[in-house]
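User: I'm new to this structure and would like a close look at one part of it. Could you walk me through it in plain words?

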Amino acid sequence: MKEQNEFLKVYDIQFWRNYLIQMRPYLFFVSGVVGLAGMALTEGFNLVSISSFLTFTALFFSYGFGQAYTDCYQTDTDKLSAPYRPLSKGILKIQDVKFVSLIGLLSVAGILILLNPVNLVLCILAIVGTWTYTVVKKKFWFAGPGYNALILSLMGLMGYMALHRNSVAEAFSMTTVCLGALIFFSYSNFVLIGYLKDITADRATGYQTFPVKFGWNPTVWMGDLALLISSVLYFYLAWDSEIGLILGIIALILGISGQLSVHLVKEKREENAAYAIVTTVRCMVLWLLGVVLTFNPGLWVFGIVFYISFELAMYFRPMHSQI
């Protein structure tokens, strides 16, 4: 174990093992399925094409690079709420993590821009959003979840545009708009309920998140609203697909159980939010897989492998009380 301020070097294999922990690989599946859902709406989508492989791979890893970069600005609260993370333990140098993360984000952007130059604007917006997210989270209680969700929604649009060969105007159909809204509200719920696990740390370090400002119950009610809106959007997209309906119903049952768990829990403590937080991310992954399979039912084997891989990654995460 390295002593405080004795940082691992970038050329050290231990740096990369710890950097991977900081990336939260179990959440790669979130940006991966977001990008895949956008890709799946394009005309003639083929998962095994080179352009699809490059797009999916870039967006799959984008969450990790963005998360590690954001963490560089949140070490104050993370030292209290997530002391297991390498940046919190002081074994990774912030400037090194920033550098590696930016190289990763720029590489992702380069691939997406190469496939469609329109993605230049979207990538700039996403990177600037990632850079400024901590300030928004800390100072504006009303904006944190939506701001974060907007960045992720851009990834869905990037996935779509990477394979879209028609005019930009044609990209904004009712279907793509509803998908963007589904990503926005389902991920907003994940972020919002996720803030419950950090109330004490955020309050101690001056973060004006929604739970810090208004408390546990109003946060859960807002989560209820996000779940309701997400459900309506999802079933609009998948109403005529049997597999889509099945996945949607499973996700909705999970979502309701998660919300009920934080409504009915006797002690409103951070650790008692863990199940609800996990169900929000499971709902999102299932819903977006449902969208993929609604428009491309032949990918059901891939969908099963993808979801099982996601659950395995979640199971083996370093600390089960943190996501």
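User: Which residues of helix 13 are buried, and what covers them?

Analyst: A quick word on the ground rules. This is a predicted model, so local features need pLDDT of at least 70 and side-chain atom pairs count only at pLDDT 80 or more, while totals for chains, interfaces and linings use all residues. Residues are numbered from 1 along each chain as its sequence is written, and side-chain values use heavy atoms, with hydrogens and water left out.

Now to helix 13, which runs over residues 242–264. Helices here are DSSP runs (H or I, at least four residues), numbered from the N terminus. Helix 13 has 23 residues and reaches 33 Å from its first C-alpha to its last, close to the 33 Å expected at 1.5 Å a residue. That expected span is 1.5 Å times one less than the number of residues.

Its buried residues are Gly 244, Leu 247, Gly 248, Ala 251, Gly 255, Gly 258, Gln 259 and Val 262. "Buried" means under 20% relative accessible area, "exposed" means over 50%, and "partly exposed" is in between (1.4 Å probe, protein chains only). As for what covers them, the list includes helix 9, helix 12 (216–238) and helix 14 (274–295).

Let's stop at helix 9, which spans residues 174–194 and holds Ser 186. Ser 186 is buried, with a relative accessible area of 4%. A polar atom of its side chain lies 2.6 Å from the backbone oxygen of Leu 182. If you leave aside neighbours within four places in sequence, Ser 186 is in contact (heavy atoms within 4.5 Å) with Ser 230, Met 284 and Trp 287.

Next, Trp 300, which sits in helix 15. Trp 300 touches Ile 243 and Leu 293, not counting residues up to four places away in sequence. Trp 300 and Ile 243 are 57 residues apart along the chain, yet their C-alpha atoms are separated by 8.8 Å. Trp 300 is partly exposed, at 48% relative accessible area.

Trp 300 also belongs to a nonpolar surface patch of about 860 Å², together with Val 301, Ile 304, Val 305, Ile 308, Leu 312, Tyr 315 and Phe 316. Patches are made of residues with over 30% relative accessible area and no salt bridge; like charges are joined within 9 Å, and nonpolar side chains (Val, Leu, Ile, Met, Phe, Trp, Tyr) within 5 Å. Ile 304 lies in helix 15 too (residues 300–315) and is partly exposed, at 42% relative accessibility.

On to the charged pairs. Side chains of opposite charge can pair when their charged atoms come close. A salt bridge here is a side-chain nitrogen of Lys or Arg within 4 Å of a carboxyl oxygen of Asp or Glu, and the count comes to 7. One of them joins Arg 269 and Glu 271 (3.1 Å, N to O). Arg 269 is partly exposed at 40%, and so is Glu 271 at 45%. Salt bridges that share partners tie Glu 267, Arg 269 and Glu 271 into one network.

Lys 197 and Asp 198 form another, with their closest N and O atoms 3.2 Å apart. Lys 197 counts as buried at 14% relative accessibility, and Asp 198 does as well at 8%.

Asp 76 and Lys 138 also meet in a salt bridge (3.6 Å, N to O). This pair links distant parts of the chain, 62 residues apart: Asp 76 is in helix 4 (residues 75–81), Lys 138 in helix 7 (residues 119–139). Asp 76 is partly exposed at 30%, as is Lys 138 at 28%.

Helix 7 leads us to helix 6, whose buried residues pack against helix 1, helix 3 (50–71), helix 5 (86–89), helix 7 and helix 8 (144–163). Among those buried residues are Lys 98, Ser 101 and Gly 104.

Gln 22 is buried, at 1% relative accessible area, and its side chain reaches the backbone nitrogen of Leu 87 at 3.0 Å.

Terms used:
A polar contact is a pair of N or O atoms within 3.5 Å; within protein, one must be able to donate a hydrogen and the other to accept it, and residues adjacent in sequence count only if both atoms are side-chain atoms. Helices (H or I, at least four residues) and strands (E, at least two) are DSSP runs, numbered from the N terminus. Accessible areas come from the Shrake-Rupley method with a 1.4 Å probe; for residues, only the protein chains shown count as cover.
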